Amino acid sequence: MLSLRLPIPSESVLASVMQRPPRFLNARNQTHLFCSPTLSEPKALQSSTPQATAADVVTREEEEELNDGTTPPEEELPEGLRRELMPKHVAVIMDGNGRWARQRGLPPGAGHRAGVESLKALVELCWRWEIRVLTVFAFSYDNWIRPKVEVEFLMSLFENVIQSELDKFAREGIRISVIGDWSRLPESLQALIRDAEEKTRKHSRLQLIVAVSYSGKYDVVQACKSIANKVKDGIVQVDDIDEGLIEQELETNCTEFPYPDLLIRTSGELRVSNFLLWQLAYTELFFAPDLWPDFGKDEFVEALVSFQERQRRYGGRK
Amino acid sequence: MLTEKTGGIKSLLFGGLVTFLRICLFKVIATGPIPEHIAFIMDGNRRYAKKHNFAEGSGHKAGYSSLVSMLGHCYELGVKYVTVYAFSIDNFKRRPDIVKFLMDLMLEKIELLLGEEGLVNQYGLRIYFIGNLKLLSEPVRAAVEKVMKATENNKRAVLLVCMPYTSTDEIVHAVKQSCENKRREIQTPVATKLANGASEGVEVMMELRKLANINLVDVEKHMYMGVAPDPDILIRSSGETRLSNFLLWQTANCPLYSPAALWPELDIRHLVWAVLNFQRSYPYLEKKKQKKISE
């Protein structure tokens with residue numbers, strides 16, 4: 001999307017932007033029966049560079065307009081988005097790094113590194129557009145069965161990213177929380193996470209929740225265990241167990257907004273894969289055909305536009 | 001009258017041809033893996049009525065016909081379990097006259113199910129009503145219990161009707177039951193130990209700690225949906241892509257489809273599409289399942 005404040009774009013930029021057909025107009029009526037391989041492959045096979053150029057141009061221009069201070073002025077949202085309908089909590093399943101790398105003949109590590117860049121860009125957008133919570137599915141409990149080499153690579157990637165981004169988070173008021181079964185993570189990573197959580201605990205502009213070694217079912221079971229212990233100790237009666245009590249014991253109790261308004265899953269797969277099961281009860285789901293490293297500002301805007309068009313009824317009538 | 005008769009014969013022949021073609025199509029699809037369990041969120045009845053300028057109730061009635069024909073297709077295809085989201089606990093928030101209408105409609109249709117021409121006899125169905133049945137009014141509750149009892153020996157296929165149901169309610173119920181059961185399980189050995197003169201303190205605490213662990217299997221055992229395997233496909237009509245508190249636990253790895261068609265408009269081509277896509281991702285999902293089991 002080109003803002004009116006931009007200078008007239010050069011031909012190459014225009015051409016690359018025009019290559020993408022405006023899909024979000026049809027998002028509401030789209031038959032989400034399947035994302036056919038023929039639909040998603042050509043898009044992904046287009047090298048990511050032309051799209052990155054367009055996004056970069058837009059981002060750089062907007063950055064120049066910001067003050068140098070840590071609290072930027074209220075940013076104008078892209079065309080088509082309404083501020084009052086912005087979701088408070090967005091969740092993302094960052095799927096498709098492996099496929100992205102394979103398509104380019106690169107090792108899986110390159111895909112994950114590209115994925116990290118995508119994530120950094122998304123955090124930046126959420127921060128600017130005042131989304132309060134962003135939860136990302138970085139590593140599932142089910143992913144431990146992947147090859148040892150890949151798992152070790154991912155663990156060291158997490159460590160590097162936390163170390164390099166911690167200062168930025170501190171500067172920009174981003175709070176980082178990590179949910180999942182920490183016990184399986186390497187000691188050094190555990191220490192780093194504890195430290196990062198402690199340092200950013202008081203920040204409140206954006207909360208970034210990273211789900212590592214996480215499983216939705218495990219989350220509910222651990223909530224159940226702690227409730228059972230409370231019952232055993234007489235703190236709680238069995239009859240007092242209700243939805244509110246379970247909500248308080250889930251790992252998402254680290255945030256004021258535990259229930260995502262919008263869940264985005266990239267790479268065209270149409271499933272939730274054991275992520276935030278309880279919390280997704282009324283979440284609007286958006287399935288993007290792009291692979292995660294290709295998911296940029298345009299795709300995020302498309303998801304937000306689709307979200308803003310939906311009627312959320314929570315079981316009642318309009 | 002002759003034209004009426006030929007008209008009647010023509011439509012019979014046409015109907016027969018359509019059935020024959022459908023059976024052929026299902027046989028072709030059945031050369032690949034068939035999902036064992038399909039779940040439906042039957043959304044869009046009211047919008048259908050509005051679209052065709054019908055009275056509001058007609059949308060739900062059309063929805064029921066759609067349900068009967070969709071069930072027929074599923075069981076013909078060889079699907080063993082079908083689950084439908086008939087009424088959510090959140091739907092009690094609607095206007096009382098609407099709620100009453102829906103409950104009366106369900107009562108009427110539940111009684112039809114058992115009739116001669118009903119689905120139960122046609123497909124040898126066992127029917128479960130899933131959810132917090134205590135929230136139902138007396139007549140509906142009685143009818144529901146009657147149907148469950150009457151069909152408990154049927155084995156060919158299973159229909160699970162979720163009413164009134166929400167996933168969070170199901171999980172709360174499972175957690176409560178697990179706590180209750182664990183407490184009972186613990187009390188017996190502790191009491192025995194104390195009766196046998198074991199001193200309180202370390203020994204009893206260790207016993208308590210061993211038994212007090214609640215695991216995944218304990219919670220799953222007490223889920224209402226524990227009577228069926230997890231769904232292989234979840235289909236929500238009317239184009240909304242959300243779960244609305246339906247089978248959150250059971251759809252952790254289940255492909256989700258949301259065709260734009262409203263529930264009364266959903267037909268065999270949407271089902272075929274969903275099954276074909278299930279077959280496409282089947283090898284990957286099966287491999288994942290096997291890996292998890294072997295872990």
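Predicted model: local features only at pLDDT ≥ 70, side-chain atom pairs only at ≥ 80, totals over all residues.

Biologist: Which residues in α5(A) and α6(A) meet?

Modeller: On the α5(A) side they include A:H112, A:V116 and A:W127, and on the α6(A) side they include A:F153, A:L157 and A:V161. By class, this contact of α5(A) with α6(A) has six nonpolar, two polar and seven charged residues.

Biologist: What makes α6(A) and α7(A) roughly parallel, and is their crossing left-handed or right-handed?

Modeller: The same cut-off of under 35 degrees applies. α6(A) and helix α7 (residues 187–200) of chain A pack at an angle of about 20°, with 10 Å between their axes. They are therefore roughly parallel to each other. α6(A) passes α7(A) in a left-handed crossing. Among the residues that meet are A:F158, A:I162 and A:F169 in α6(A), and A:L189, A:L192 and A:I193 in α7(A). The contact of α6(A) with α7(A) divides into nine nonpolar, three polar and three charged residues.

Biologist: Which strands of chain A does α6(A) lie across?

Modeller: α6(A) lies across β2, β3 and β4 of chain A, and runs at about 160° to β2(A).

Biologist: What is the order of the strands in the sheet of chain A, and which are the edge strands?

Modeller: The sheet is open and consists of six strands in the order β3-β4-β2-β1-β5-β6, with parallel pairing. β3 (174–179) and β6 (284–287) of chain A are the edge strands, since each pairs on one side only. Neighbouring strands are turned by 20° against each other on average, direction ignored.

Biologist: How do you know that β1 and β5 of chain A pair?

Modeller: At least two bridges are required for pairing. Strand β1 (residues 89–93) and strand β5 (residues 262–265) of chain A are joined in the parallel sense over four bridges. A:A91 stands opposite A:L263 in β5(A).

Biologist: Why do β3 and β6 of chain B count as edges?

Modeller: In chain B, six strands form an open sheet in the order β3-β4-β2-β1-β5-β6, and the pairing is parallel. β3 (125–130) and β6 (256–257) of chain B each have a single partner strand, so one side of each is left without a neighbour in the sheet. β3(B) is joined by six bridges to the parallel strand β4 (residues 157–162) of chain B. There, B:L159 is the bridge partner of B:I127.

Biologist: What makes the pair of A:F137 and A:Y214 edge-to-face?

Modeller: Over all chains there are 15 aromatic pairs. Ring centres must lie within 6.5 Å, and planes over 60 degrees apart count as edge-to-face. The rings of A:F137 and A:Y214 have centres 6.3 Å apart and planes at 85°, so the pair is edge-to-face. A:F137 lies in strand β2 (residues 133–140) and A:Y214 in strand β4 (residues 206–214) of chain A, so the pair ties together parts that are 77 residues apart in sequence.

Methods. Residues numbered from 1 in each chain as written. Chains lettered and ligands numbered in written order. Heavy atoms only, no water. Helix = DSSP H or I, 4+ residues; strand = E, 2+ residues; numbered from the N terminus. Contact = heavy atoms within 4.5 Å. Nonpolar A, V, L, I, M, F, W, Y, C, P; charged D, E, K, R; others polar. Phe/Tyr/Trp six-rings, centres within 6.5 Å; stacked < 30°, edge-to-face > 60°. Axes fitted to C-alpha atoms, helices over the stretch in contact; angles between N-to-C directions. Parallel < 35°, antiparallel > 145°, perpendicular 65-115°, else oblique. Left-handed = near helix turned anticlockwise from the far one by under 90°.
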